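The sequence and structure are shown first, and the topics follow in groups.

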Amino acid sequence: MNKDIQSLVNKGEMLPLMEAFYTIQGEGYHKGTAAYFIRIGGCDVGCHWCDVKESWNANLHPPTNISKIVEDAKASSNTIVITGGEPLTWNMEPLTSRLKAEGMQIHIETSGAYKLTGIWDWICLSPKKMKLPTLEVYEQANELKVIVYNKDDFRFAEEQAANVNKDCILYLQPEWSKRDKVIPEIVDYVMANPQWKVSLQTHKYLNIP
């Protein structure tokens, strides 16, 4: 990558765009809502069960000018979900400022492992044990979504819930490959601890992106 492009990427004026698509939000509070997803490449959190490992290496995804990203988004939806990878690897201020100027509702799905940049209408925090969130993200999260892969994740979920603000909505979501095993455990847990809700990857059941 030449120095000029690298400089624009560092500023957030260009971003390693993996893919962008219009679909139905499948998870969490906004499930069932039509939204335009912008998937930004680059992540070093390293979840072994990640279902988009191809997003990890930012060098595989072309630096794309944010004006192009915004133009494509405008043509599809007023609800935008920025995901990854880990989008907070990059400065989200330039992209979100332009989306906001177009009147968009902007959501982020993040592990919270990096500094919170950008303007957000909704923050879905999905923390990971390998790289914990920043204090700022805990304070501003609208929903906490903990992926349940094994029994220890219930302990982790409670640990994370103790850090978020009082209005944050709490979700437990089965890891897809373990869903048959962990869904009954999640159901029992939520019934015993009703401050939590169940989140499912409904887009996978509906066979949509």
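The lining of the largest cavity is made up of Gln25, Glu27, Gly28, Tyr29, His30, His107, Ile108, Glu109, Trp122, Cys124, Glu143 and Lys145. The model is a predicted one, in which local features need pLDDT of at least 70, side-chain atom pairs count only at pLDDT 80 or more, and totals for chains, interfaces and linings use all residues. Residue numbers start from 1 along each chain as its sequence is written, and side-chain values use heavy atoms, with hydrogens and water left out.

- A cavity is a set of points, on a 1 Å grid over the protein atoms alone, where a 1.4 Å probe fits but cannot get out; lining residues have an atom within 4 Å of a point.
- A search of the whole structure finds one cavity of 30 Å³ or more, and the largest cavity holds about 70 Å³ of space; a volume is the space filled by probe spheres set on the grid points, which are joined across faces, edges and corners.
- Two or more lining residues of the largest cavity come from each of β5, β6 (122-125) and β7, and β5 gives the largest share, three residues. Strands (E, at least two residues) and helices (H or I, at least four) are DSSP runs, numbered from the N terminus.
- By class, this lining divides into four nonpolar, four polar and four charged residues. Ala, Val, Leu, Ile, Met, Phe, Trp, Tyr, Cys and Pro count as nonpolar, Asp, Glu, Lys and Arg as charged, and the others, Gly among them, as polar.

**The pockets**

- A pocket is an open set of grid points with protein on both sides within 12 Å along at least five of seven lines.
- The largest pocket has a volume of about 770 Å³. Its lining has 39 residues, and Glu27, Arg39, Asp51, Val52 and Thr83 lie nearest its centre.
- At least two lining residues of the largest pocket are supplied by each of β1 (14-24), β2, β4, β5 (105-110), β7 and α7 (202-205). The lining has 15 nonpolar, 15 polar and nine charged residues.
- The second largest pocket contains about 180 Å³ of space. Among the 14 residues lining this pocket, Trp49, Lys129, Met130, Ile147 and Asp153 are the closest to its centre.

**The sheet**

- Nine strands form an open sheet of mixed pairing, in the order β3-β1-β2-β4-β5-β6-β7-β8-β9; two strands pair if DSSP finds at least two bridges between them.
- The edge strands, β3 (63-65) and β9 (196-198), each pair on one side only.
- β1 pairs with β3 in the antiparallel sense over three bridges, and Met14 has Asn65 in β3 as its bridge partner.
- β1 and β2 are antiparallel as well, over seven bridges, with Tyr22 opposite Tyr36 in β2.
- Strand β2 (residues 34-40) runs parallel to β4 (residues 79-84), and five bridges join them. Tyr36 has Ile80 as its bridge partner in β4.

**Salt bridges**

- The count is 15 salt bridges, each a side-chain nitrogen of Lys or Arg within 4 Å of a carboxyl oxygen of Asp or Glu.
- One of them joins Glu13 to Arg98, with the closest N and O atoms 3.4 Å apart. This pair links distant parts of the chain, 85 residues apart: Glu13 lies in the loop between α1 (3-11) and β1, and Arg98 in helix α3 (residues 93-101).
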